[in-house]
Amino acid sequence: MIERINSISSYLKKEFGEKTVKLSIDGGFTCPNRDGSKGFGGCVFCSEAGSGDTASTIEEQKKLLSKKWPKAKYLAYFQNFTNTYAPVSILREKFEAVIEDESISGLVIGTRPDCLPEDVLDLLSELNEKTFLWVELGLQTIHEDSADFINRCYPLEVYDSACRNLKKRNIRFVTHLILGLPSESKAQMLDSVKYVCESGTWGIKLHLLNIIKGSQLAKTHPCYKPFETLDEYVNLVCDILEYIPDDIIIHRLTADAPRPILISPPWSYRKRSILNGINQEMRKRDSYQGCRYKRI
Ligand code: SF4
């Protein structure tokens, strides 16, 4: 089968020789956008669990996954809240404890670009020598109006600086973008994607905006539909993929909100249908990731 998308699952299969899956870990961190040091209330789309609603214990996850993939390799994914927002001694303790576990082949750390001071970058460099590592940065949009709307609480130049610092240290990083923010046009979403593609990012995560229970958006925009139909979303993602260079790894193409907390769009829980739709549409177009990309 022709691979039209440079997906993280294929990349990890080649890197580790087996199906490789991420185990979600709640490291017990909080977020500067919730405790008042940057903002209060968090980003408007964020759930009470800090965008990590699928996390359960490592052992429970391994047990479940090993039924499907008995030889699977595992990466530990610090997902909930901001996983570099603590003194470096605490970060070291938590991350090293996990990579000492022989069943763990690598480390994934989700954070904000404004939570990467020099001492944390030094620790990440060390970890990068010891294990397979990538860092995830929640950018969501390059447009300052939208950033204000989502209450991101840092400007775009902070992302630029984090990218430079990570690149300098050869630390892989993945950038998160949200598709469907209120008042963002398709052209604006594409502008965010194109900008990120020039940042040195190793990977991209495209998230469909979900309105979920417990978020600020659920209170202010409970009826907001980021896209009218699943097909509209599928077409947008295919258009976007055509502009992402083929050496950037695609980590996500939609969202992952569990059905019980999902408010809108009502079809968002149908992840398999969305992914199948994207694959079918790419085939129908005879299209590939990066086919419309022009290096600046
Ligand atoms: S999305 Fe991330 S940065 Fe924003 S409030 Fe949630 S945990 Fe904090």
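So, the structure holds 20 salt bridges, where a salt bridge is a side-chain nitrogen of Lys or Arg within 4 Å of a carboxyl oxygen of Asp or Glu. Quick caveats: this is a predicted model, so local features need pLDDT of at least 70, side-chain atom pairs count only at pLDDT 80 or more, and totals for chains, interfaces and linings use all residues. Residues are numbered from 1 along each chain as its sequence is written, and side-chain values use heavy atoms, with hydrogens and water left out.

Take glutamate 242 and arginine 292: their side chains pair up at 2.6 Å, N to O. The two sit 50 residues apart, glutamate 242 in the loop between α9 (230-241) and β8 (249-252), arginine 292 in the segment after α10 (271-285). Helices (H or I, at least four residues) and strands (E, at least two) are DSSP runs, numbered from the N terminus.

Buried or exposed, what is glutamate 242? Buried, at 3% relative accessible area, while arginine 292 is partly exposed at 39%. Buried is under 20%, exposed over 50%, partly exposed in between, with a 1.4 Å probe and protein chains only.

Next, lysine 284 and glutamate 281, bridged at 3.4 Å, N to O. They're three residues apart in helix α10, so about one helical turn separates them. Lysine 284 is exposed at 68%, but glutamate 281 is buried at 12%. And bridges with shared partners tie Lys186, Asp239, Glu242, Glu281, Lys284, Arg285 and Arg292 into one network.
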